[in-house]
Amino acid sequence: MYTLLLHWVLGHTNWSLTVSFSLQFEKNKEMVSFQLSPDYGYVVLVVAGTWLLNIWQMLKVGGARKRLGVPYPEMYSEKQPLFNCYQRAHQNTLENVPTFLALLLTSGLYFPRYAAGAGLIWLVGRVIYSLGYYTGEPKNRLYGFMMSKPGAELPLMVMTVMTAGNIIGWW
């Protein structure tokens, strides 16, 4: 049995949100419950920032497509290698977003501020990655790569494993 209980409480000066999850497993009738910290809102803001990053990159690809004369539905251009750099920057981000969001959302359960901080580093890293790629020199993307992969995703992975250990009861 899965239940999700949302409880909105209106204070005199602000709104607060309490989200409780209760999972009951039929096999051993064990109940798991947790409450999200208000700091989890920072994690949600990073998710919104990820959407903005995608829109920005999409607009950059569309602008490059128009400026360089690459017609739809061509994904890449033999004649305009600069367009390919714009397209690859966006495509690479799309390839990495699912893993990033999974790590962000799970690590944020126990470490919301650290996860949001790492998520912000990931977003800035992806912008730097894109701007480097947009120069037409693919090697210029590496600065942003170093920020987003080892600088953000690695800490998120460590926090995700720590979150799993906390949930399982290893420590």
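## Nonpolar cores

Which residues have the most contacts inside the largest nonpolar core? They are Val43, Val46, Phe100, Leu104, Trp122 and Leu156, in a core of 18 residues. A nonpolar core is a set of buried Ala, Val, Leu, Ile, Met, Phe, Trp, Tyr and Cys residues joined through side-chain atoms within 4.5 Å; buried means under 20% relative accessible area, exposed over 50%, and partly exposed in between (1.4 Å probe, protein chains only). Two or more residues come from each of α1 (40-68), α2 (81-107), α3 (112-133) and α4 (142-168), and α3 gives the largest share, five residues. Helices (H or I, at least four residues) and strands (E, at least two) are DSSP runs, numbered from the N terminus.

A second, separate core has eleven residues, including Ala64, Leu68, Phe83 and Ala89.

The model is predicted: local features need pLDDT of at least 70, side-chain atom pairs count only at pLDDT 80 or more, and totals for chains, interfaces and linings use all residues. Residues are numbered from 1 along each chain as its sequence is written, and side-chain values use heavy atoms, without hydrogens and water.

## Aromatic pairs

The whole structure holds five aromatic pairs. Rings of Phe, Tyr and Trp (its six-membered ring) pair if their centres lie within 6.5 Å; planes under 30 degrees apart count as stacked, over 60 as edge-to-face and the rest as tilted. Trp56 and Tyr134 form a tilted pair, because their planes stand at 50 degrees, with centres 5.9 Å apart. Trp56 is in helix α1 and Tyr134 in the loop between α3 and α4, 78 residues apart.

Tyr129 and Tyr133, both buried, form an edge-to-face pair at 5.7 Å centre to centre and 85 degrees between the planes.
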